[in-house]
Amino acid sequence: IVQKKKIAAQKKKATAKAALIKRRAAVLRKKTAAKAAILKKKEVAAQKKRAAAKAAILKKKDAALKKKASALKKKKAAAKAKVQAAKAKAQAAKAKVQAKKDAVKAKKAKIASSGPVRPRALFVSQQAGKGMSLKQMSEKFNTLGASEKQALVNQAQKNLAKRNEIRKSLKKPATKYALFVKKNFATAYESAKKQTNDKKAAFKLATRTLAAQYKKQ
């Protein structure tokens with residue numbers, strides 16, 4: 001009986017020990033699982049942080065590239081605008097020169113429309129298209145009678161009067177300042193000569209004086 005009790009006590013002790021080991025193992029597994037969960041959570045957080053940092057860097061790089069591209073686009077646009085402005089300026093200058101040439105040409109044509117103002121030139125113009133050389137025309141002019149030459153002289157004088165009228169009509173009216181200078185320059189120049197013996201300096205001084213006087217009006 002004692003033996004049986006001893007065996008039962010040993011079994012009970014072994015069972016209790018096994019249960020304790022089992023409980024400890026369960027606690028250890030739970031701790032290990034909790035620790036693993038914490039580590040996993042930390043790893044996930046770290047991965048997210050790294051991913052976020054990488055995304056931020058990529059975003060920053062993308063923004064920098066976009067900014068660089070925008071600056072380059074603006075630079076190209078500015079360069080293009082500069083070239084176009086230079087072309088426009090050159091074209092405007094060219095147009096201005098051409099307009100000036102056209103104006104001079106038109107002016108000359110208008111003046112010439114009065115007809116020749118010298119008897120010989122008038123005679124040559126009248127003989128044009130008749131198959132004669134300039135030398136032949138000149139020789140023929142020399143053989144003209146006095147009345148014929150006088151008629152040419154009279155017509156040439158009329159043409160000259162007409163040409164002078166045309167030239168007069170083409171002149172731009174004088175500005176108020178030009179009229180002011182014309183009226184007062186002599187006095188200003190004489191006054192300036194009293195201050196210096198240099199004629200050029202006196203001229204400049206008189207011009208400056210008149211400009212100042214005109215502004216005060």
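Is E190 buried, partly exposed or exposed, and what is its relative accessible area? In this predicted model, E190 is partly exposed, with a relative accessible area of 43%. The side chain of E190 meets that of K193 in a salt bridge, with a distance of 3.3 Å from N to O, and K193 is likewise described as partly exposed, at a relative accessible area of 34%. The two residues lie three positions apart in helix α5, which spans residues 176–193, and they are therefore separated by about one helical turn.

A search of the whole structure finds three salt bridges. Side chains of opposite charge can pair when their charged atoms come close. In helix α1, which covers residues 2–112, D62 and K66 are four residues apart and thus about one helical turn from each other; these residues form a salt bridge in which the closest N and O atoms are 3.5 Å apart. Of this pair, D62 counts as partly exposed at 39% relative accessibility, whereas K66, at 56%, counts as exposed. A further salt bridge joins the side chains of R50 and E43, at 3.4 Å from N to O. Here R50 is partly exposed, with a relative accessible area of 49%, and E43 is also classed as partly exposed, at 38% relative accessibility.

When its neighbours within four places in sequence are set aside, Q127 is in contact with M132, M137 and K140.

How values were computed. Residues numbered from 1 in each chain as written. Predicted model: local features only at pLDDT ≥ 70, side-chain atom pairs only at ≥ 80, totals over all residues. Heavy atoms only, no water. Contact = heavy atoms within 4.5 Å. Salt bridge = Lys/Arg side-chain N within 4 Å of Asp/Glu carboxyl O. Buried < 20%, exposed > 50% of the residue type's maximum accessible area, 1.4 Å probe, protein only.
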